[in-house]
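This report describes a two-chain protein model from its computed geometry. Please examine the sequence and the structure shown here before reading on.

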Amino acid sequence: VRYTIPDTVLHRELPGEAVVLNLATAEYSQLNHLGQVIWELIRAGSDRNAIEATLVREYDAPAERIRSDLTAFLNRMVELKLLKAVEP
Amino acid sequence: MNASSNRSIGPISLLLMAEAWWELLRARVRILVPSGRAKWLRNVLRISSGRHDPLAIDKLTVAVNRASQYHVRPMRCLDRSLAIVCMLRRRGIATALKIGCRRQGEVLDFHAWMDGTDDSAPVANAGGPAHPGSPNENAFLPFDWPKL
(Lines give C-alpha, C1' and ligand atoms only; values in the text may rest on other atoms or scores of the structure.)
Protein backbone atom coordinates (compact mmCIF):
# COMPACT_ATOMS: atom_id res chain seq x y z
CA VAL A 1 0.00 0.00 0.00
CA ARG A 2 1.24 3.47 -0.84
CA TYR A 3 0.09 6.60 0.95
CA THR A 4 -0.28 10.07 -0.49
CA ILE A 5 -0.70 13.41 1.20
CA PRO A 6 -3.91 15.14 0.04
CA ASP A 7 -3.24 18.52 -1.53
CA THR A 8 -5.38 20.18 1.13
CA VAL A 9 -3.00 19.12 3.90
CA LEU A 10 -0.59 21.68 5.35
CA HIS A 11 2.49 20.84 7.38
CA ARG A 12 4.37 22.83 9.99
CA GLU A 13 7.37 21.91 12.10
CA LEU A 14 7.44 23.17 15.67
CA PRO A 15 10.18 22.65 18.25
CA GLY A 16 10.16 18.92 19.01
CA GLU A 17 7.06 18.11 16.98
CA ALA A 18 5.18 18.85 13.80
CA VAL A 19 1.55 19.58 13.01
CA VAL A 20 -0.42 18.53 9.94
CA LEU A 21 -3.71 20.22 9.15
CA ASN A 22 -6.30 19.35 6.54
CA LEU A 23 -7.91 22.56 5.27
CA ALA A 24 -10.87 20.69 3.86
CA THR A 25 -11.85 18.99 7.10
CA ALA A 26 -10.14 21.19 9.74
CA GLU A 27 -8.77 17.98 11.23
CA TYR A 28 -5.22 18.11 12.49
CA SER A 29 -2.71 15.89 14.15
CA GLN A 30 0.52 16.37 16.03
CA LEU A 31 3.48 14.29 14.94
CA ASN A 32 6.17 13.22 17.37
CA HIS A 33 9.67 12.37 16.20
CA LEU A 34 8.68 8.97 14.83
CA GLY A 35 5.59 10.45 13.20
CA GLN A 36 7.76 13.04 11.47
CA VAL A 37 10.11 10.35 10.19
CA ILE A 38 7.17 8.40 8.76
CA TRP A 39 5.68 11.58 7.28
CA GLU A 40 8.95 12.42 5.51
CA LEU A 41 9.18 8.89 4.13
CA ILE A 42 5.65 9.19 2.76
CA ARG A 43 6.53 12.59 1.29
CA ALA A 44 9.51 10.98 -0.39
CA GLY A 45 7.21 8.40 -1.99
CA SER A 46 7.98 5.33 0.12
CA ASP A 47 5.30 2.65 0.31
CA ARG A 48 4.26 0.91 3.51
CA ASN A 49 6.77 -1.92 3.23
CA ALA A 50 9.64 0.47 2.56
CA ILE A 51 8.66 2.60 5.54
CA GLU A 52 8.52 -0.44 7.79
CA ALA A 53 11.87 -1.68 6.54
CA THR A 54 13.46 1.71 7.18
CA LEU A 55 12.07 1.90 10.71
CA VAL A 56 13.19 -1.64 11.56
CA ARG A 57 16.66 -0.82 10.26
CA GLU A 58 16.94 2.56 12.01
CA TYR A 59 15.28 1.89 15.37
CA ASP A 60 16.28 -0.48 18.10
CA ALA A 61 12.83 -1.94 18.74
CA PRO A 62 11.16 -5.29 18.03
CA ALA A 63 9.90 -5.52 14.44
CA GLU A 64 6.46 -6.56 15.65
CA ARG A 65 6.17 -3.45 17.81
CA ILE A 66 7.26 -1.22 14.94
CA ARG A 67 4.75 -2.88 12.61
CA SER A 68 1.83 -2.41 14.98
CA ASP A 69 2.80 1.21 15.78
CA LEU A 70 3.13 1.98 12.09
CA THR A 71 -0.23 0.41 11.32
CA ALA A 72 -1.91 2.36 14.10
CA PHE A 73 -0.33 5.61 12.93
CA LEU A 74 -1.26 5.13 9.27
CA ASN A 75 -4.82 4.05 10.09
CA ARG A 76 -5.31 7.07 12.32
CA MET A 77 -3.97 9.46 9.69
CA VAL A 78 -6.22 7.97 7.01
CA GLU A 79 -9.18 8.18 9.39
CA LEU A 80 -8.47 11.91 9.90
CA LYS A 81 -8.09 12.31 6.13
CA LEU A 82 -4.55 13.53 6.60
CA LEU A 83 -3.32 10.68 4.39
CA LYS A 84 -4.89 8.82 1.54
CA ALA A 85 -4.23 5.11 1.03
CA VAL A 86 -3.61 4.14 -2.56
CA GLU A 87 -3.96 0.46 -3.32
CA PRO A 88 -1.43 -0.81 -5.88
CA MET B 1 -11.56 69.17 28.10
CA ASN B 2 -13.90 66.55 26.82
CA ALA B 3 -12.40 63.10 27.14
CA SER B 4 -14.78 61.52 24.67
CA SER B 5 -15.06 62.33 21.00
CA ASN B 6 -17.68 61.63 18.41
CA ARG B 7 -15.89 60.88 15.20
CA SER B 8 -18.17 60.66 12.23
CA ILE B 9 -17.54 58.12 9.49
CA GLY B 10 -17.44 59.54 5.99
CA PRO B 11 -19.35 58.08 3.03
CA ILE B 12 -16.26 56.36 1.61
CA SER B 13 -15.55 54.68 4.93
CA LEU B 14 -19.18 53.62 5.14
CA LEU B 15 -19.02 52.09 1.68
CA LEU B 16 -15.84 50.26 2.62
CA MET B 17 -17.50 48.98 5.78
CA ALA B 18 -20.50 47.76 3.77
CA GLU B 19 -18.18 45.93 1.37
CA ALA B 20 -16.25 44.50 4.32
CA TRP B 21 -19.49 43.34 5.98
CA TRP B 22 -20.53 41.53 2.82
CA GLU B 23 -17.04 40.04 2.37
CA LEU B 24 -17.07 38.74 5.94
CA LEU B 25 -20.39 37.03 5.28
CA ARG B 26 -19.05 35.49 2.06
CA ALA B 27 -15.92 34.30 3.85
CA ARG B 28 -17.96 32.64 6.61
CA VAL B 29 -20.25 30.91 4.10
CA ARG B 30 -17.33 29.68 2.01
CA ILE B 31 -15.65 28.27 5.10
CA LEU B 32 -18.82 26.49 6.20
CA VAL B 33 -19.71 24.98 2.82
CA PRO B 34 -17.35 22.06 2.13
CA SER B 35 -17.77 22.12 -1.63
CA GLY B 36 -14.89 24.02 -3.16
CA ARG B 37 -13.62 25.17 0.23
CA ALA B 38 -10.22 23.53 0.04
CA LYS B 39 -9.54 24.72 -3.49
CA TRP B 40 -10.50 28.24 -2.57
CA LEU B 41 -8.39 28.24 0.60
CA ARG B 42 -5.40 26.86 -1.29
CA ASN B 43 -5.79 29.70 -3.76
CA VAL B 44 -5.84 32.39 -1.09
CA LEU B 45 -2.83 30.79 0.59
CA ARG B 46 -0.81 31.50 -2.53
CA ILE B 47 0.82 34.87 -2.89
CA SER B 48 -1.13 36.88 -5.42
CA SER B 49 0.56 39.12 -7.92
CA GLY B 50 -0.05 42.82 -7.56
CA ARG B 51 1.30 46.00 -6.14
CA HIS B 52 2.20 46.64 -2.52
CA ASP B 53 0.09 49.26 -0.78
CA PRO B 54 0.44 49.46 3.01
CA LEU B 55 -2.00 52.37 3.24
CA ALA B 56 -4.77 50.44 1.51
CA ILE B 57 -4.02 47.44 3.71
CA ASP B 58 -4.40 49.55 6.84
CA LYS B 59 -7.61 51.12 5.56
CA LEU B 60 -9.22 47.81 4.66
CA THR B 61 -8.08 46.19 7.89
CA VAL B 62 -9.83 48.95 9.84
CA ALA B 63 -12.97 48.57 7.69
CA VAL B 64 -13.10 44.81 8.20
CA ASN B 65 -12.49 45.06 11.93
CA ARG B 66 -15.26 47.66 12.23
CA ALA B 67 -17.65 45.70 10.03
CA SER B 68 -17.06 42.54 12.04
CA GLN B 69 -18.74 44.25 15.01
CA TYR B 70 -21.99 44.47 13.03
CA HIS B 71 -22.36 40.75 12.41
CA VAL B 72 -24.59 38.70 14.62
CA ARG B 73 -22.00 35.99 15.09
CA PRO B 74 -18.49 36.92 16.19
CA MET B 75 -16.07 36.85 13.29
CA ARG B 76 -12.90 34.88 13.88
CA CYS B 77 -9.40 35.62 12.67
CA LEU B 78 -9.93 33.34 9.67
CA ASP B 79 -13.10 35.17 8.59
CA ARG B 80 -11.48 38.59 8.97
CA SER B 81 -8.25 37.61 7.24
CA LEU B 82 -10.11 36.05 4.33
CA ALA B 83 -12.29 39.14 3.94
CA ILE B 84 -9.24 41.41 3.87
CA VAL B 85 -7.38 39.18 1.43
CA CYS B 86 -10.35 39.08 -0.96
CA MET B 87 -10.84 42.85 -0.79
CA LEU B 88 -7.14 43.52 -1.39
CA ARG B 89 -6.97 41.14 -4.32
CA ARG B 90 -9.98 42.81 -5.90
CA ARG B 91 -7.92 46.02 -5.82
CA GLY B 92 -4.84 44.39 -7.33
CA ILE B 93 -2.81 44.46 -4.13
CA ALA B 94 -0.43 41.57 -3.47
CA THR B 95 -1.45 39.57 -0.45
CA ALA B 96 -1.89 36.09 0.94
CA LEU B 97 -3.65 34.35 3.77
CA LYS B 98 -1.43 32.74 6.37
CA ILE B 99 -2.48 30.01 8.75
CA GLY B 100 -0.19 29.20 11.62
CA CYS B 101 0.04 27.45 14.93
CA ARG B 102 1.97 27.58 18.15
CA ARG B 103 2.20 25.54 21.29
CA GLN B 104 1.06 27.11 24.54
CA GLY B 105 1.82 24.51 27.18
CA GLU B 106 -0.51 21.61 26.58
CA VAL B 107 -2.59 23.52 24.07
CA LEU B 108 -2.00 23.91 20.36
CA ASP B 109 -3.25 27.30 19.14
CA PHE B 110 -4.19 28.08 15.55
CA HIS B 111 -4.38 31.52 14.01
CA ALA B 112 -4.98 33.10 10.60
CA TRP B 113 -3.74 36.44 9.38
CA MET B 114 -3.25 38.47 6.27
CA ASP B 115 0.25 38.94 4.95
CA GLY B 116 1.48 41.73 2.69
CA THR B 117 3.83 40.06 0.28
CA ASP B 118 6.44 42.41 -1.07
CA ASP B 119 9.45 40.52 0.28
CA SER B 120 9.30 42.59 3.45
CA ALA B 121 8.06 41.57 6.85
CA PRO B 122 4.31 41.12 7.27
CA VAL B 123 2.62 44.48 7.34
CA ALA B 124 -0.63 43.76 9.08
CA ASN B 125 -2.15 41.25 11.38
CA ALA B 126 -5.82 40.57 11.17
CA GLY B 127 -6.64 39.60 14.67
CA GLY B 128 -3.86 38.35 16.87
CA PRO B 129 -0.88 39.57 18.83
CA ALA B 130 1.72 37.39 17.23
CA HIS B 131 3.63 38.31 14.09
CA PRO B 132 5.37 35.59 12.12
CA GLY B 133 9.05 36.12 11.76
CA SER B 134 9.27 38.13 14.96
CA PRO B 135 11.81 37.10 17.55
CA ASN B 136 8.91 36.38 19.89
CA GLU B 137 9.11 32.70 20.62
CA ASN B 138 5.37 32.62 21.14
CA ALA B 139 4.73 33.78 17.59
CA PHE B 140 2.49 31.69 15.40
CA LEU B 141 4.52 29.76 12.85
CA PRO B 142 2.89 29.63 9.42
CA PHE B 143 2.18 26.32 7.74
CA ASP B 144 4.18 25.46 4.65
CA TRP B 145 2.65 26.25 1.30
CA PRO B 146 0.53 23.37 0.08
CA LYS B 147 1.85 21.48 -2.91
CA LEU B 148 -0.12 22.63 -5.93
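## Report on the predicted model

Gly45(A) is placed in the loop between α1 (33-43) and α2 (48-58) of chain A; helices (H or I, at least four residues) and strands (E, at least two) are DSSP runs, numbered from the N terminus. With a relative accessibility of 34%, Gly45(A) counts as partly exposed; buried means under 20% relative accessible area, exposed over 50%, and partly exposed in between (1.4 Å probe, protein chains only). The C-alpha atoms of Gly45(A) and Ile5(A) are separated by 9.9 Å, with the two residues 40 apart along the chain.

The model is predicted: local features need pLDDT of at least 70, side-chain atom pairs count only at pLDDT 80 or more, and totals for chains, interfaces and linings use all residues. Residues are numbered from 1 along each chain as its sequence is written, chains are lettered from A and ligands numbered from 1 in the order in which they are written, and side-chain values use heavy atoms, with hydrogens and water left out.

### A buried asparagine in chain A

Asn22(A) lies in strand β3 of chain A and is buried, at a relative accessible area of 3%. Its side chain reaches the backbone nitrogen of Ala24(A) at 2.8 Å. Residues up to four places away in sequence not being counted, Asn22(A) touches Thr8(A), Val9(A), Glu27(A), Lys81(A) and Leu82(A), where contact means heavy atoms within 4.5 Å.

### Architecture and cores

Chain B comprises 4 helices and 3 strands, which run α-α-α-α-β-β-β from the N terminus on. Of its 148 residues, 46% count as buried. Among contacts in chain B between residues at least 6 apart in sequence, 67% join residues at least 24 apart.

In soluble globular proteins, nonpolar side chains tend to be buried together. A nonpolar core is here a set of buried Ala, Val, Leu, Ile, Met, Phe, Trp, Tyr and Cys residues joined through side-chain atoms within 4.5 Å. The largest such core has 38 residues, and Leu82(B), Leu97(B) and Ile99(B) have the most contacts inside it. Two or more residues of this core come from each of β2 (9-14) and β3 (17-22) of chain A, and from each of α1 (11-32), α2, α3 (54-67), α4 (77-90), β1 and β2 of chain B. The largest share, 9 residues, is that of α4(B). Leaving aside neighbours within four places in sequence, Leu82(B) is in contact with Ala27(B), Ile31(B), Trp40(B), Leu41(B), Val44(B) and Leu97(B). A second, separate core of 19 residues includes Tyr3(A), Val9(A), Val20(A) and Leu70(A).

### The interface

The contact between the chains takes 16 residues from chain B and 16 residues from chain A. About 1600 Å² is buried between them, 65% of it given by carbon and sulfur atoms; buried area is the accessible area (1.4 Å probe) that two parts lose on being put together, summed over both. The count between chain B and chain A is 2 salt bridges, a salt bridge being a side-chain nitrogen of Lys or Arg within 4 Å of a carboxyl oxygen of Asp or Glu. Arg103(B) forms a salt bridge with Glu17(A). On the side of chain B that touches chain A, two or more residues come from each of α2 (37-45), β1 (95-104), β2 (107-116) and β3 (141-142) of chain B. There α2(B) gives the most, with 5 residues.

### Salt bridges

The structure holds 18 salt bridges over all chains.

| Pair | N to O distance |
|---|---|
| Arg103(B) and Glu17(A) | 2.4 Å |
| Arg76(A) and Glu79(A) | 3.0 Å |
| Glu19(B) and Arg91(B) | 2.6 Å |
| Arg26(B) and Glu23(B) | 3.3 Å |

Arg76(A) and Glu79(A) both lie in helix α3 (residues 63-79) of chain A, 3 residues apart, about one turn of the helix. Arg76(A) is partly exposed at 43% relative accessible area, whereas Glu79(A) counts as exposed at 56%.

Glu19(B) forms its salt bridge with Arg91(B), and this pair links distant parts of the chain: Glu19(B) is in helix α1 of chain B and Arg91(B) in the loop between α4 and β1 of chain B, 72 residues apart. Arg91(B) is partly exposed, with a relative accessible area of 30%.

Arg26(B) and Glu23(B) both lie in helix α1 of chain B, 3 residues apart. Arg26(B) is partly exposed at 32% relative accessible area, while Glu23(B) is buried at 3%. Through shared partners, salt bridges join Glu19(B), Glu23(B), Arg26(B), Arg90(B) and Arg91(B) into one network.

Conventions
A polar contact is a pair of N or O atoms within 3.5 Å; within protein, one must be able to donate a hydrogen and the other to accept it, and residues adjacent in sequence count only if both atoms are side-chain atoms.
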